[in-house]
Structures are given as C-alpha cells and as structure tokens.
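Work through the exercises below with the coordinates open. Each task is followed by a stepwise solution.

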2 protein chains.
Amino acid sequence: MSSERLIYLPLGGAGEVGMNAYVYGYGKPGKEKLILVDLGVTFPDMDGTPGVDLILPDISWLEARKDDLEAVFITHAHEDHVGAVAHYYDRLGAPIHARAFTANIARRKMEEHGHSEKAVKTASAWPETVKAGPFSVGFVPISHSIPESSGLVIDSPGGRIVHSGDFKIDENPIVGEPFDHDLWASLAEPGVKALVCDSTNVFSHHDGRSESTVGQPITDLVQASKGMFVCTTFASNVARVKTLAEAGKRAGRSVCLLGRAMRRMIEAAVETGVLKDFPATVSPEEASNIPRENLMLIVTGSQGERRAASAQLANGKYNGMVLKEGDTFLFSSKTIPGNERGVIHIINKFSEMGVDVVEGDDRYHVSGHANRPDLDAMHKLIKPQIVVPMHGEHRHLREHVKLAEANRISGVLAVNGMMIDLSGNAPKVAEYVETGRTYVDGSIKIGAMDGIVRDRIRMALNGHVMINVIMDEEDEPLGEPWVEVMGLAETGRSRAPLVDVLEEDLAQFMGRAGAKTLTNDDKLEEGLRRVARQSAQNEIGKRPEVTVVISRLTA
Amino acid sequence: MSSERLIYLPLGGAGEVGMNAYVYGYGKPGKEKLILVDLGVTFPDMDGTPGVDLILPDISWLEARKDDLEAVFITHAHEDHVGAVAHYYDRLGAPIHARAFTANIARRKMEEHGHSEKAVKTASAWPETVKAGPFSVGFVPISHSIPESSGLVIDSPGGRIVHSGDFKIDENPIVGEPFDHDLWASLAEPGVKALVCDSTNVFSHHDGRSESTVGQPITDLVQASKGMFVCTTFASNVARVKTLAEAGKRAGRSVCLLGRAMRRMIEAAVETGVLKDFPATVSPEEASNIPRENLMLIVTGSQGERRAASAQLANGKYNGMVLKEGDTFLFSSKTIPGNERGVIHIINKFSEMGVDVVEGDDRYHVSGHANRPDLDAMHKLIKPQIVVPMHGEHRHLREHVKLAEANRISGVLAVNGMMIDLSGNAPKVAEYVETGRTYVDGSIKIGAMDGIVRDRIRMALNGHVMINVIMDEEDEPLGEPWVEVMGLAETGRSRAPLVDVLEEDLAQFMGRAGAKTLTNDDKLEEGLRRVARQSAQNEIGKRPEVTVVISRLTA
C-alpha cells in the first residue's frame, strides 16, 4: 500500500453558493502536489458586508503551499468561478488553464489588474489533457448557462475524479456543445473514485428544461408587444442573449445591447468563435432614431444591481434611452435570493412609468443547473464510488448526500475547510483547515474577521458619538468635554439638543472624577464612554458607538 | 348640487405593502370631517433603515386636522394595520373602534404605552354601525389569516364606500366567520360608490385555497416524522396554529407553544372567545421531560427574525429546547420578499444539526389574501362605480386598476398622498398631500428625511474618520492633528498605519495653511475634510465620512 494520498479540500463554494475554490492534492501527507479548481468571488450585501466591494475566498492555506501548487483550472467564466483569478495571481503565481471563452474572460481580468495575460493558457477539450504534477486534467464540455462550460476529469495515481463543474443536462443549449451522454458515460469506464458534483438545484424535483424551450414563448411575447421591448438576463448567458435578439429580429425589431458587461460578453463570445450568427445590432445612438415599436433593448441588471442599465432605465434614462407608457420590460432571469428588494424596486419604478413588467414567469427562463432528476442521471452515468456534493449551501449538500445514498453510492458532506482523504475504500476527514473570506474594500483587501466591517455595522445600527477632552499641563480638564454625533437624533426625551445633554453629563463626570481617573487615559476613556452611552440611553433609548479622544497639553 | 365632497386619502399602504392608514372625509372642501381606517407599521431593514426599530406613517397632515378626526377604525389585528395606534394615540386622540379580538390586541398596545385602554371601543359586527360625524361605519366579517377580520361599510351623505380590508374568500377558514356571499352581495343593494380593495395577490392567477386544505397534509407530515416536530407560522394566524396543534394531537404528540407573540395571540383569541377547542398544551418545562418523538413545538419566527424562537433554536437552544439529528422543522408560512436571507440562514443552521427542514411547500401553507379570481368575484359582488386598489405596491395597484377596467368598472390608481374626490360621477385628484415615514428609533421618533439614517448608511458604506486639531491663543496649531478611524482598514497601500498617513497629510496641510484658513473654522474644517478624504482615497481607495473637531484655546 502506498503512503501517498489523494485529497479534496474546498476553500470556498461548499456550504454556500459563491466563491468556488476547490483544492485537489496527491502525494505524501502534508507534501501533496496541488491543483486548484476555480477561483471565484461572491457578492457583498448591506446586511453583513456594508461598503465591501467584493468577497474572495481566504487562500492563506494555499498561499503557504504555493510552491506545491501546480496549476489553476477554471471550469467556466461565471464570476463565482473565475472572478478572483486576477486578484490572487500575485499571491499564487500558478498558471491558469481554461478553454478559449473562459480564458478570454480571464485574460481581460488579468489585464485590468496589470498582470500578464500569458499566465492564462487556453486548453483544448477532452480527450486532450493538461499535465500538472501528478495530475492529468481534461476539460469535458458540459451544458450550462454560459458558453464552453466544462466538467473536469482529474486523473492521478490515486484514481479518477470527475468534477462536474456547474451543469445541466441540455441536449439543445442553443450556444455551445449539447450534453453528450455517450461521452460522459465513457468517462466512467476506467472506474471513477469520486464525482464532485454541483448541488444547486437538488431541491428541484421536476425535470430540467432545455434552453431551446424559451425561444418560442419569448418570440410570442415580443410579437404581442406594442411599445419598446426591453429585456434583461445575465450578460454571460450568451445563448439567452442570442435567443432574445433572434426573437426581436423575428418581430421586425432592431436590437440594441445596453450595458458594459453585455457588450463585453458578446464580444468575447464572438472573438472566441463560440457565438456565430448573432443578429446585427444597432448602437444606442442609432437606436434613439428608431421608432420604439421597432426596437428591442437587451440590457444588464437582471438582479436589480444599482448601477446596471435596468436600474438606470428605471430611474430615468440610460444612454439616452427613456422608457414610457406602453413599453414592456421582461426579466428573462430568476431573482437570486437576497436580491428581491432591488428587483421589486425596479419593477415598481417601471410600473410608475406605465411600463408592463414580466417577471418570475417560467416560460421565459430556464435554470442553468441540473435539477434532481439530472443529478440522479449523472450519478448513474458516472457510477462513482463516492459522491462529494459541492456548489451549494449546507442544506443542498446534505440533500445531495441523501440522494447519493438513495442511489447506493456513499456521499460525503464536506464543507469549506474539511480536507477529505479520498484514498482507500472509505473517504475520511483528514484535517480541518481554517478558511474564511477576504473582502475587497476600496483598493485593498481586508479580512472578514478583522472587525472593520463589524464596526461599520455597529455605527449603522447604533450611531456614533465622538468625545473630545483636553487636559492641561496639571492634568486638569481644560474647558468641558466636546461632543459630536453622527447618525443620532438631534433631540431626545428632554427636548434639549442631544449633544448638550451628553456634554453636561460628561462634564459632571469629569467634575466628580479624581486624579486617579484624570491621569489615566484608559480609565478616563472608559468612564467617558460609559457615561455617554448611559446618557444616550436615557435620552434617546440607544447605546451608540463611542470614540474618545483625550488630548494632553504638555508644558 | 351640494358643495360637500367625499374624499379618500391614503397616508400609508398605497404603493407599498405595510403601514396601512387610509383617511376618508366628508364635508366642505378643507373642512371635511374625517375618519381613519387602520394605523399600522412597517418593518425596517439593513439596506435602507439600519438601526431603526419600527416604521410608522407620517401623520402630520392628520394631526394638523385632529379636531376634525372623529374616529379611528381598525379592520384587523395585523401589525401593518394596528401597530401604530398606541404610538400615535397622544397625537390624534380620537377613539379607536375595532371588533373584540382586534380591540384586545390594541388595548395591550395602549397599556404598554401608558395610554388608557378605554380609548379602544369594541364594535359589534354589521348590521350594527358606529356613528362618526357624517359617517356611519359597519364592520362586516370577512375571511383572512387572523381572527375577526372585517371589511368596512362606510356610509355618508356622499354615498357608500366598501373598504375591503385584507381578505380572501374562504368558506371554511377554521377559525372565525366563513366568507358569506349573500351578506356581501347585500351590501351592494343601495348602490356602492367605491370599492377600496386589497391588491396584494392580484398577480396570482390561480384560484385561492381554503385554510381548511392544509390540515390533512400537515397531519400526514407530522405522522411521518420520527424525531421532534417543530413548526412555525405567523403567531396571529390563529387558525393555522390551531391546525398545527390539532395535527400534533392527532399524531399523539404533546404540543408546546414557544415565543412571546405565540402565547400572547392564543391568549387573546381565547379571551375574546374567537378560539374554542384549542388542544391542551404543555409548558416548556413540561416539554423537556417528554420524549422528542412525542413532542411538537409551535414557535415564532417564520420570517427568520433574529430574536424569535426559530432563530434561537437554530443557534442552539430556546427555553431549554435543543433540536438534533432526525427532528423536523416545518415553515407553515411564506417568506415575505426581503426576508429570504434570514430564513435561508436558519434553514442551513438546522441542516448543520441534521434537522430536516420543510419550507416553501404549498401543501402546508395558503395565503390570506384574495387571488385574482377572488378579486374579480368581489368586484362582481359589490358592483361599485369605482374600484380604488389599496394594500399593494405600485405594480399591484396598477394591475388591479387593469382588472377593474376589464370588468368595466373605472379604476383609480391612488398612491400615498393622493387625495381623491369621490363626489360626482368621475373621481378626480383633489390635492397632493405630503406624506412620508416616521421612524421609531430607540425611544424616540425621527423623520425619514432628517438625514440621521442617511448618515448611518454613509458610515456603514464609507467608514468614519475623526480629526482633532487644537489651536492655541495665537491661532497657531498646538501640536499636530490627531486622527481616529472607525470601520476602516488599519493599513493601506503604503503599509504604514492609515492614521499615521492621514495625520501626516493633515499636518502638512496645516503647515501650508495661511492665517485666513487657520482663523476660520469653516474653511479649516473644509480643508481638513478634503485632505483626509483624498489621503484615504490614495491609501485605501475609499472616501470616508469625516468629522472635524477644532478646539481653540482662549487666553
């Protein structure tokens, strides 16, 4: 028996939907050669991460082992899979492998961050493979909601792993390769140790629907519309954008793409040859001269993002375009949980303009992820010894393990930080690795546990009181404490200005305080903070955050 | 023709779901005698109202006319209809009329705020009526998701208005009166000027389902469960709580109610006689001695509220109860848009414990609002001249107007602040009244437009820098500027502490500043703020909020 082992370690994406980052390793324990599959981001929200621009997985563990990291493989170009490659290239340094469309997107990111585009290598599809240390990795085309998605065949002396990537089983995906049952079945022939598998839609019990089913309903909708027809979807869903544009053409409308991401994605798809026969489009300038009943806009912002085209149209205008009574706006998308408020806000804004909004209608959207029957089919095609669910919250992973067990395959519930030893006959937890999140905040990175964002949340919930006291050369207060407040009511219970009440209470405290307190900054600060919070509690019923500045004059 | 007019003015609830407050008036223009229907609250969120405890309609317009306000009528005891009565009793003073159950809840609120319970008058059901100035108002029982909901018949010399309140058409609502078609049809007999009507579910095209349909599926689910069975619903949905408890009993389980609101609502329903034959329950203490497979908990927190029983169980324990592997948790509720994150968080916490969660399954929940077919039926029963949609976002009101027009009834889209003159043959906008929101923030009320919450949001997004400078008797800086930061990274691009970088840049600015700046607080403050923001932008890529304190020593 060899002392080498085959390991799996999710650093992101297992126990959440977002920031996918899965490590595989082979070698002697602690000395494994490593590869990383995907390096994505997740998005901040006001509830938990106010002011944060982007959330990345914490890669400290991997960085400490960068010399053993042979390569990074990106399954597809969604932000939650490719979004962090450029942010971390300087810390990992390993070459990045992806198929042409994904590589095109990754290179744009590298360029924006000032890294060499050459670090991104274009890979060909299976049966070609990329060697990376003890690993041989092949990109197997699979259908999903973005061009050239791939599952990975990861061969090593420890056995074959099939990493599904994000997928659905779609035999007519409009753009890109149809799902090839024979090809996927053939991967099982040498025997598969583990299927590491997308779990997103494990709770969707109905059959998945093909991308090709939305074309006709959308065409009917466009043809029935009288004013301008505007629609939004994820820019990266190139097949859908094509379907929308073709529906517009069929209805005799000129098509105009609005929003940077929309133009960028279509450009990448055309450049890399994955998108052919995309209908001719008009520029926003040309569009403004076309009668609205002959025009279709395809715009960014299907999730209600504040700066995207849809939100700007809802607030008035974008690129000179203005919607009005009688126009139609179609969300050819699903609202991701957490984004409902933003989307509803936009719908109501359009409603105020008299625009008819079509949203949440399954006829005009299909999911890019495998529903439960397709997950089941995948288990049966690949026939792995083990199923390791990934790409899901805890509830999805747990349910997917149950599904595997119903299929008499052992399932392993591994969340971020659980290193699984896949060697031998039964998978086991080899180690718990510390993982976490890193925030892109302005131009720098901060740790999720640094307390910085926690302080922001506290200021937002409690308001902020700033206290200034000046102590003279004899350690006596020079004048009275000075108070400023931010995010707090101007007056409270007593109807006197809040700052006056605070200043009076603080002055009284200073008057009572003995030399022991007045000469000790920590004691004085603690006392002032306590009095300020109590005083605010009495006056306005809130206990604010307090910052104290003590200035001591020296002779 | 009379110079009196009949007016309708929503101060809350029209253009939003929440804080319902609808004014009706009759009399000479500007001198109308007024009544208010409902006085509810809406709930804050981190996105727009961090730190706020509760949101109330701004009633300034009504307060200025309090001498003309004859009475307040509350249709039912949901917080968005009754939640603000006690907050505003001292400012409006008018008597509050409601049926027994609603009055019971309103009195508890009045008591908590130190107001006399006597201001709340218990009304009997139609055909009895309450006189209020020129109005005669009757409470007509209607089915909804809380006991004793009522529509109102509002008669005045200007004609009859039927105000639907929140409703559904349910002939077997389990608790409370079934919908009585004949009774509602009879209201139309004298001719109805306007139907002011619930719009919440206007986009739900399928037939509504009766409360009575969920009992059997829930019973089946409980019977199939092995460990402890825990379920949550809105505490005020007394019929559902009863259905859940009965399902527990039928499965041979002892039932325990957890959470203050749950016990309070059941208490009110029993006290007022609307709830009969509620199964015997056990206390949490007793429950802890009962084998888990013989126990059912009915708990608060269906919307993922942080302090409710469900969230506390998800985080560990509540009242000594702890969930574990093999238990089942049922959400017998719908997640209100905006609450998804909180609910999903709880589900994943339960998943980590091995608890099976059932959520989003229509078999175990029905809506309390009329779907489109029921709205249509209501139009046809009441046969009004005009339909005025209420209780909905703009998109709901607009769609409801379309439905009315499809029924050949004129529809009026009136949002908060639009005063509609219902006299004569065609409704018209009489006036635009300024409306808004008032925040309960700690122990006081603040205006939504006061800028206080805006400042909190800015601190949360941008962080906060505090600058202190001390100027001596000759208007020269005494020492260098002192900087504190909150919610910002400790170090940035230069790797030096951020406060050091800021202090150095500010000291340089002070060194360069002339007497004109140094002697003028406004100029000095503006300069310091500008430099601090630019310096932070260079260093960490963020432009923080800045507070400047200038202390001038005097001789």
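**Exercise 1. A helix residue**

Solution. 
Step 1. Buried means under 20%. Keep in mind that the model is predicted.
Step 2. Locate the residue. B:Ala536 belongs to helix α17 of chain B, which spans residues 521-540.
Step 3. Skip residues up to four places away in sequence. B:Ala536 then touches B:Leu502, B:Gly541, B:Lys542 and B:Pro544.
Step 4. Take a distance along the way. B:Ala251 is 285 residues from B:Ala536 along the chain, and their C-alpha atoms are 64 Å apart.

**Exercise 2. A serine in a loop**

Task: Find the loop that holds B:Ser164, and identify the backbone nitrogen that lies 3.0 Å from a polar atom of its side chain.

Solution. 
Step 1. Read the flanking elements. B:Ser164 sits in the chain B loop between β12 (159-163) and α5 (181-187).
Step 2. Check accessibility. B:Ser164 has a relative accessible area of 0%, so it is buried.
Step 3. Search for the polar partner. The nitrogen belongs to the backbone of B:Asp198, at 3.0 Å from a polar side-chain atom of B:Ser164. The cut-off for a polar contact is 3.5 Å.
Step 4. B:Ser164 meets B:Ile142, B:Ser150, B:Gly151, B:Val196, B:Cys197, B:Asp198 and B:Met390.

**Exercise 3. Two positive phi values**

Task: B:Asp38 and B:Arg495 have positive phi. State the loop and the accessibility of each.

Solution. 
Step 1. Phi of B:Asp38 is near 70°, and the residue is not a glycine.
Step 2. B:Asp38 lies in the loop between β4 (33-37) and β5 (54-57) of chain B. Its relative accessibility is 0%, so B:Asp38 is buried.
Step 3. Phi of B:Arg495 is about 70°, again in a residue that is not a glycine.
Step 4. The loop of B:Arg495 runs between β27 (482-486) and α15 (498-512) of chain B. The relative accessible area of B:Arg495 is 75%, so this residue is exposed.

**Exercise 4. Cis peptide bonds**

Task: Which residues does the cis peptide bond join in chain A, and which in chain B?

Solution. 
Step 1. In chain A, the bond joins A:Trp126 and A:Pro127, with omega about 15°. A:Pro127 is in the loop between β8 (120-122) and β9 (130-132).
Step 2. In chain B, the bond runs from B:Trp126 to B:Pro127, with omega near 15°. B:Pro127 is in the loop between β8 (120-122) and β9 (130-132) of that chain.

**Exercise 5. Chain A as a whole**

Task: Describe chain A by its secondary structure, burial and charges.

Solution. 
Step 1. Count elements. Chain A has 17 helices and 28 strands.
Step 2. Take the annotated part. An unreviewed UniProt entry assigns "domain: Metallo-beta-lactamase" to residues 18-206. That stretch is 19% helix and 30% strand.
Step 3. Of the 555 residues, 59% count as buried.
Step 4. The mean positions of the 61 positive and 77 negative charges are 3 Å apart.

How values were computed: Residues numbered from 1 in each chain as written. Chains lettered and ligands numbered in written order. Predicted model: local features only at pLDDT ≥ 70, side-chain atom pairs only at ≥ 80, totals over all residues. Heavy atoms only, no water. UniProt positions renumbered as here; feature names shortened; annotations may be inferred. Helix = DSSP H or I, 4+ residues; strand = E, 2+ residues; numbered from the N terminus. Buried < 20%, exposed > 50% of the residue type's maximum accessible area, 1.4 Å probe, protein only. Lys, Arg positive; Asp, Glu negative; His and termini not counted. Charge placed at Lys NZ, Arg CZ, Asp CG, Glu CD. Polar contact = N/O pair within 3.5 Å; in protein donor to acceptor, adjacent residues only side chain to side chain. Contact = heavy atoms within 4.5 Å.
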